[in-house]
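This report covers a protein model with its sequence and coordinates. It takes up selected residues, a helix pair, the chain arrangement and the annotated domains in turn.

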2 protein chains.
Amino acid sequence: MEVTENRIQRSELLEKVMPATEAAKLVKNGMNIGTSGFTPAGYPKAVPLALAERAREEQLKINLWTGASVGDELDGALTRAGVIAKRLPYQTNKSIRNAINERKVQYIDLNLSQTPQQARYGFFGHLDLAIAEAVAITPEGNLIPSTSIGNTPTFVQMADKVIVEINTSQPLELEGMHDIYIPADPPARQPIPLTRVDEQIGTPYIPCDPGKIAAIVITDIQDDVRPLVPINEVSQRMADHLISFLHNEIKHNRLPKNLLPLQSGVGSVANAVLAGMVNSDFNDLELYSEVIQDSVLDLLDAGKLRFASGTSLTLSEKGVRRFKENIRNYRQKIILRPQEISNNPEIARRLGVIAMNTALEADIYGNVNSTHVMGSRMINGIGGSGDFASSAYLTIFTTASTARDGAISCVVPMVSHVDHTEHNVHVIITEWGVADLRNKSPLERARLIIDHCAHPDYRPLLQDYLDKALRKGGHIPHYLPEALSWHVRFQETGSMKPV
Amino acid sequence: MEVTENRIQRSELLEKVMPATEAAKLVKNGMNIGTSGFTPAGYPKAVPLALAERAREEQLKINLWTGASVGDELDGALTRAGVIAKRLPYQTNKSIRNAINERKVQYIDLNLSQTPQQARYGFFGHLDLAIAEAVAITPEGNLIPSTSIGNTPTFVQMADKVIVEINTSQPLELEGMHDIYIPADPPARQPIPLTRVDEQIGTPYIPCDPGKIAAIVITDIQDDVRPLVPINEVSQRMADHLISFLHNEIKHNRLPKNLLPLQSGVGSVANAVLAGMVNSDFNDLELYSEVIQDSVLDLLDAGKLRFASGTSLTLSEKGVRRFKENIRNYRQKIILRPQEISNNPEIARRLGVIAMNTALEADIYGNVNSTHVMGSRMINGIGGSGDFASSAYLTIFTTASTARDGAISCVVPMVSHVDHTEHNVHVIITEWGVADLRNKSPLERARLIIDHCAHPDYRPLLQDYLDKALRKGGHIPHYLPEALSWHVRFQETGSMKPV
């Protein structure tokens, strides 16, 4: 009870505390439901688990909107219970990924910064219910978020009713690390006033009308933390190429000495790049990104990073312990924002973000596929990569030159799905080298990408394709009968290499 | 001489007046040259013609940067003289288009709002010379632009030397219609303070260090005006669909009664849409677009349009006369801005622009090709469509359902080139109807596009493809061996229809 009063600081709301099974009854068939969560951090856990349980006894379908990916208690449990009809804007969970690819769940893969405004514009319909994890409710009824912000501020503003999950595994000391700003909608919108990575432009809480809070559930289920992705040799080589490319930009006065704010995707390459910066001669770095990972703590501890802005704190188990032990220190240098701000193209372009994201495959003209294997099978989604790629100072994509032990070339004649067009891709990096596509015509790009990025096994094949395409002619030479033939060959034989 | 002193208000610059042939000698082989001009409006004419003449006698290659397309005196004459090595960011001229498709000119097709900042960031190298048309030079040496602004402010700022073409066919009364604002570069950039279509945030002149003005050429060659594109029946039907779609958005409270600022591409459909609005019950409309065409004058005269913001004034011969006769009136309601502002995603998103652009082809999942016929042959370029499509409140693409008398379906299984990804396309309209893709999964989108947008002749064929693709499976069902087979069939037989 002591815990409860500490966490629920508006006494009239104490009567709204109920078990998750009771709160889950507020969910009705056919509802649109928006939840907190961005990565497996800060998403509701107890109510979704209770809802999945309830769905064993009755037919129940909802449309689920989140910040981005969430933990298995939400996407996994509800998918396996058959509860999710429609899902947006991003996911990384195995159960729901399979359901999406079997088209049992209708999935809408959106640019993450656009999701909240399109929700407010009414493009996805009415929002019936928001379910938000919080570390506390203030005396005014406002919510102190936990380890992510995502779209929670907009969902809480829009929804008829709000269920709050107070998570006691999340430390109260997180308060003060959040900066909540919701832009007004056109025609009333004003410039978003953020001009520095460390600036505070909003409130440390999510504004919430206490009359909308229909249930409060106390839980201590921890975030479904991610294990650290190990850095392999291929990632290390890509990171080395990327760091020397950045050094070269400084040398030619195209970047200041301390670079510009970095945006970094997640995974092995991102870890290798940030780890490389720990041991580099860079100083006073800044991060303006989505996800704050363990490597950010390393950079802060090494004194290399001045400040980090993101929308989620997604640490390993060890990282969580490390963060909690030193939380008062870290929270001076880390800020979490709504994804509408962390990913906003207005801000990314103003600050001059260096966008570093991972491609699934790239083609010889610089188009990038980030989402669909062989043009069809969804991996995760575009996430924030489109927000940043289209607005960054410098847009860099990394990919290993091959996948599946060389059976797949990640450099192909034509990508099987386009998430980032040739107009927005400045640099492609594989373990073999760097293709700087700026100020290059399509033919110049093709030669650079083949020579610098493709795996040597595939270079002659790509050159053959280009030669054949050149005989066909045009500004972007293509030989259409074979443009997707590598993918077809993989589907038929299990390898892109000719038999 | 009277004309000259009226137009060149800084007396020490009078000695810089020289014939175009003399000014053209400032151009050296290998130079990067940036010119004024956006559409065939406000581009330099006399110096390029003299340069083309000079190139008959000596080997001369330059890299040419402009605002967007320009008139034949520049792109046409210099291409035919073999002077252009590399060209960015957009063109619409027959001579250079052919040279680009023969790869005699290396062409870089860029998002127009990004061109000036990338120039300043050094991505295209050093700018040796700017050639700018102006109606006058102020006593301080600043330039009063003529019928377009484009990238002139950035080119004048960057270049070592400036040649000014004073064009006496352009009325002095244009002064006051321009609003020049150049954002600072990161990390010093501030929010662009524009919050209303009619706001002035900069200076009425292009700042220019008079010491950089190396030559002044007086000319009276008129803008290579465009004939009005007639509205055909197919365009009219698309415009009708679009206008009733907008009415429906208002009805469902997804748009205010006077809509939000309109951005409109050029051509027959754009003309039909804007003409349709003249006769509609819309009032207090606003335009935040690139190109101000005759239809804008119609809307202003009809009292339907409150204000128009663009970067160029591109009128027909009749439109030019009409504009000049009433210039003092029109200039109260029209403003021209640098393309970095007119096309800026920060502003388009803030104002909530409704982006209406033309597709060359769209696929059943909502990807749009705006640039390359059969994936290879460049028509014009992406222009501003990417700036607006990625940042608009609502992104609409229109296309006739077929081309070449039905031999080409503009709705295909997979587009042969992607300029606008499925993530950024909200609505597709053909003469057959509207596909509203918002909140729709790929399969839902495919069904809508086939049923509402494809030509009836092609619907069964698209349905066949979809059925085949569904047997293959995945989130975005594709049958890759036939994904581009329609384009291949057209290349082989002259028609996408099976023999």
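Leaving aside its neighbours within four places in sequence, with which residues is B:Asp363 in contact?

## Basis of the model

This is a predicted model, in which local features need pLDDT of at least 70, side-chain atom pairs count only at pLDDT 80 or more, and totals for chains, interfaces and linings use all residues. Residues are numbered from 1 along each chain as its sequence is written, chains are lettered from A and ligands numbered from 1 in the order in which they are written, and side-chain values use heavy atoms, with hydrogens and water left out.

## Surroundings of B:Asp363

Beyond four places in sequence, B:Asp363 is in contact (heavy atoms within 4.5 Å) with B:Val412, B:Pro413, B:Met414, B:Val415 and B:Ile449. The residue belongs to strand S17 (residues 361–363) of chain B. Helices (H or I, at least four residues) and strands (E, at least two) are DSSP runs, numbered from the N terminus.

B:Asp363 has a relative accessibility of 2% and therefore counts as buried. The classes are buried for under 20% relative accessible area, exposed for over 50%, and partly exposed in between, with a 1.4 Å probe and protein chains only. B:Arg7 is 356 residues away from B:Asp363 in sequence, and their C-alpha atoms are 52 Å apart in space.

## Loop residues of chain B

B:Val229 is in the loop between strand S9 (213–219) and helix H8 (233–251) of chain B. Its relative accessibility is 37%, so B:Val229 counts as partly exposed. Not counting residues up to four places away in sequence, B:Val229 touches B:Gly267, B:Ser268 and B:Asn271. Between B:Val229 and B:Ser268, which are 39 residues apart along the chain, the C-alpha separation is 5.5 Å.

Two residues other than glycine have positive phi values: B:Asp284, near 55°, and B:Arg404, near 50°. B:Asp284 sits in the loop between helix H9 (268–278) and strand S11 (285–288) of chain B, and with 45% relative accessibility it counts as partly exposed. B:Arg404 is in the loop between strand S22 (402–403) and strand S23 (408–409) of chain B; at 60% relative accessibility, B:Arg404 counts as exposed.

## Cis peptide bonds

B:Leu88 and B:Pro89 are joined by a cis peptide bond with omega near 0°. B:Pro89 is in the loop between strand S3 (84–88) and helix H5 (94–101) of chain B. The bond from B:Pro186 to B:Pro187 is also cis, with omega about 5°, and B:Pro187 lies in the loop between strand S8 (161–167) and S9 of chain B.

## Helix packing and burial

How do helices H3 and H4 of chain B pack, and at what angle? Helix H3 (residues 46–54) and helix H4 (residues 72–80) of chain B have axes 8 Å apart, at an angle of about 10°. Axes are lines fitted to C-alpha atoms, for helices over the stretch in contact, and angles run from 0 to 180 degrees between N-to-C directions. H3(B) is therefore roughly parallel to H4(B); angles under 35 degrees count as roughly parallel, over 145 as roughly antiparallel, 65 to 115 as roughly perpendicular and the rest as oblique. H3(B) contributes B:Pro48, B:Leu49, B:Leu51 and B:Ala52 to the contact, and H4(B) contributes B:Glu73, B:Leu74, B:Ala77 and B:Leu78.

In chain A, helix H10 (residues 294–301) has six of its eight residues buried. These are A:Asp294, A:Ser295, A:Val296, A:Leu297, A:Leu299 and A:Leu300. After H10(A) comes A:Gly303, with a positive phi near 75°.

## Relation of the two chains

The same surface serves both copies, since 100% of the contact residues of chain B recur in chain A.

## Annotated domains

The UniProt annotation "domain: Acetyl-CoA hydrolase/transferase N-terminal" (unreviewed entry) covers residues 11–217 of chain A. UniProt positions are given in the numbering used here, feature names are shortened, and annotations may be inferred rather than shown by experiment. Over residues 11–217, chain A is 21% helix and 18% strand, with the end C-alpha atoms 15 Å apart.

UniProt also places "domain: Acetyl-CoA hydrolase/transferase C-terminal" (unreviewed entry) at residues 319–465 of chain A. This stretch, residues 319–465, is 31% helix and 24% strand, and its end C-alpha atoms are 47 Å apart.
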